[in-house]
Amino acid sequence: MAFSKGLVFAMVIAIFAIVKPSEGALNAHYYDRSCPAAEKIILETVRNATLYDPKVPARLLRMFFHDCFIRGCDASILLDSTRSNQAEKDGPPNISVRSFYVIEDAKRKLEKACPRTVSCADVIAIAARDVVTLSGGPYWSVLKGRKDGTVSRANETRNLPPPTFNVSQLIQSFAARGLSVKDMVTLSGGHTIGFSHCSSFESRLQNFSKFQDIDPSMNYAFAQTLKKKCPRSSNRGKNAGTVLDSTASVFDNVYYKLILSGKGVFGSDQALLGDSRTKWIVETYAQDQKAFFREFAASMVKLGNVGVKETGQVRIYTRFAN
Ligand code: HEM
């Protein structure tokens, strides 16, 4: 069969149009030419920071989640408050998000290596992947090309799901960002690393309801252990709390195993076992760490797509708009 030159040309153009990522869309090779060392610089920074402070991985993972849930993944969580505006960073659920200095440090190095090129939002997304991998979890290819936001409002942190949410509320909160029930259960597995302050779970330990002192979905012995860690306010330091799972510096599927035995720390964790829409997913991951890792990687890519800005600025400083 003979094709005319014109037809072949049209076919080549058509194929190119399908394959070529649309301009500005996120892609895995975004900095291949403009900043080939970007991922290496970020990984080294995150790894060194983790060696000095083992709390860094959990903090950076949570930072990514909170950033993406408010105004999309646009690094609005890094902006500082000003005299006339209280920023996300200073909103109640973010007071315990720390280690901003690690992202600042990476960004400073990136500005030296390739000025005005790598967005703060991409630095957070890459760092979140790196801390998971460094903690023993999966690796995935981070899509890049996000632009940075210029607006950050503390009162919008009200839209982060609190640990008292039930399954319907959790599903709704994730669906509003285009994330499925499965994404929600999978991403909750982020609680396989890190720590919580007493204030986030102590309502489960006393005066839980009119009829029950302790949340009945919580393992009784576990509740007693947590009670000891969280004596009434006057008797405890501001850092009182508990690790989120028994292997809190290792990214594994123990979080799901603990939920099966009533040892989820937050009401929102334990609730996943009490609802048929989510129970099977908890059971699957508790049995199959490979499946959890595979799905976690996929859901993190989806989380990283939430409300992404493809036009706008690459901030030079993490804390201020240009
Ligand atoms: C499903 C809804 C979620 C709720 C209600 C929730 C709630 C919380 C709460 C209350 C804390 C403890 C804060 C404190 O007392 O210091 C926490 C910690 C944490 N969350 Fe979540 N979270 C959710 C989803 C996620 C997701 C999707 C991720 C990441 C993929 C994540 C990662 C973390 C990490 C790593 C920590 C430990 C932070 C640290 O050690 O500093 N969470 N979360």
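Reader: Leaving aside neighbours within four places in sequence, which residues is Thr247 in contact with?
Author: Thr247 is in contact with Asp252 and Val254, once neighbours within four places in sequence are left aside. Contact here is between two residues whose C-beta atoms, placed from the backbone, lie within 7 Å. Before we go on, this is a predicted model: local features need pLDDT of at least 70, side-chain atom pairs count only at pLDDT 80 or more, and totals for chains, interfaces and linings use all residues. Residues are numbered from 1 along each chain as its sequence is written.

Reader: OK. Where is Thr247 found?
Author: In the loop between strand S2 (241-243) and helix H9 (254-260). Helices (H or I, at least four residues) and strands (E, at least two) are DSSP runs, numbered from the N terminus.

Reader: And why is Thr247 called partly exposed?
Author: Because Thr247 has 18 other C-beta atoms within 10 Å. A residue is buried with 20 or more other C-beta atoms within 10 Å of its own, exposed with 12 or fewer, and partly exposed in between, with C-beta atoms placed from the backbone.

Reader: Which residues does UniProt list as "binding site" along with Thr247?
Author: The unreviewed entry puts that feature at Thr192, Asp245, Thr247 and Asp252. They are spread over 61 residues of sequence but cluster in space, with a largest C-alpha distance of 9.8 Å. UniProt positions are given in the numbering used here, feature names are shortened, and annotations may be inferred rather than shown by experiment.

Reader: Thr192 then, buried or exposed?
Author: Thr192 is buried, because 28 other C-beta atoms lie within 10 Å. Thr192 has its place in the loop between H7 and S1. Beyond four places in sequence, the contacts of Thr192 are Asp245, Phe251, Asp252, Val254 and Tyr255.

Reader: What about Pro161, which UniProt annotation covers it?
Author: "Binding site" again, from the unreviewed entry. Pro161 is in the loop between H5 and helix H6 (167-175). Not counting residues up to four places away in sequence, Pro161 touches Gln169, Leu170, Ser173 and Ser268. Pro161 is partly exposed, because 18 other C-beta atoms lie within 10 Å.

Reader: Switching to the ligand. Which residues come nearest?
Author: Of the 24 residues around the ligand, Ala58, Leu187, Gly190, Gly194 and His197 come nearest. Helix H3 (56-69), helix H7 (181-188) and strand S1 (195-197) are the elements that give two or more residues to that shell. A residue is near a molecule or strand if its C-beta atom, placed from the backbone, lies within 6 Å of it.

Reader: Which element gives the largest share of the shell?
Author: H3, with five residues.

Reader: How do the shell residues divide into nonpolar, polar and charged?
Author: There are 13 nonpolar, nine polar and two charged. Ala, Val, Leu, Ile, Met, Phe, Trp, Tyr, Cys and Pro count as nonpolar, Asp, Glu, Lys and Arg as charged, and the others, Gly among them, as polar.

Reader: Why does the ligand lie between the domains?
Author: Because domain 1 (38-159) and domain 2 (167-303) both give residues to the shell around the ligand. Those bounds come from an automatic or database domain assignment.

Reader: How many residues of the two domains are in contact?
Author: 17 residues of domain 1 are in contact with 16 residues of domain 2. On the domain 1 side, H3 supplies the largest share, seven residues. That side divides into 11 nonpolar, four polar and two charged residues. The C-alpha centres of the two domains lie 23 Å apart.

Reader: And the largest nonpolar core, how many residues does it have?
Author: 73 residues, and those with the most contacts inside it include Leu60, Phe64 and Ala128. Helix H5 (residues 120-134) gives the most to this core, 10 residues. A nonpolar core is a set of buried Ala, Val, Leu, Ile, Met, Phe, Trp, Tyr and Cys residues joined through C-beta atoms within 7 Å.

Reader: Last one: what's the phi of Ala75?
Author: Near 60°, a positive value in a residue other than glycine. Most residues other than glycine have a negative phi. Ala75 lies in the loop between H3 and helix H4 (100-113), and Ala75 is buried, with 29 other C-beta atoms within 10 Å.
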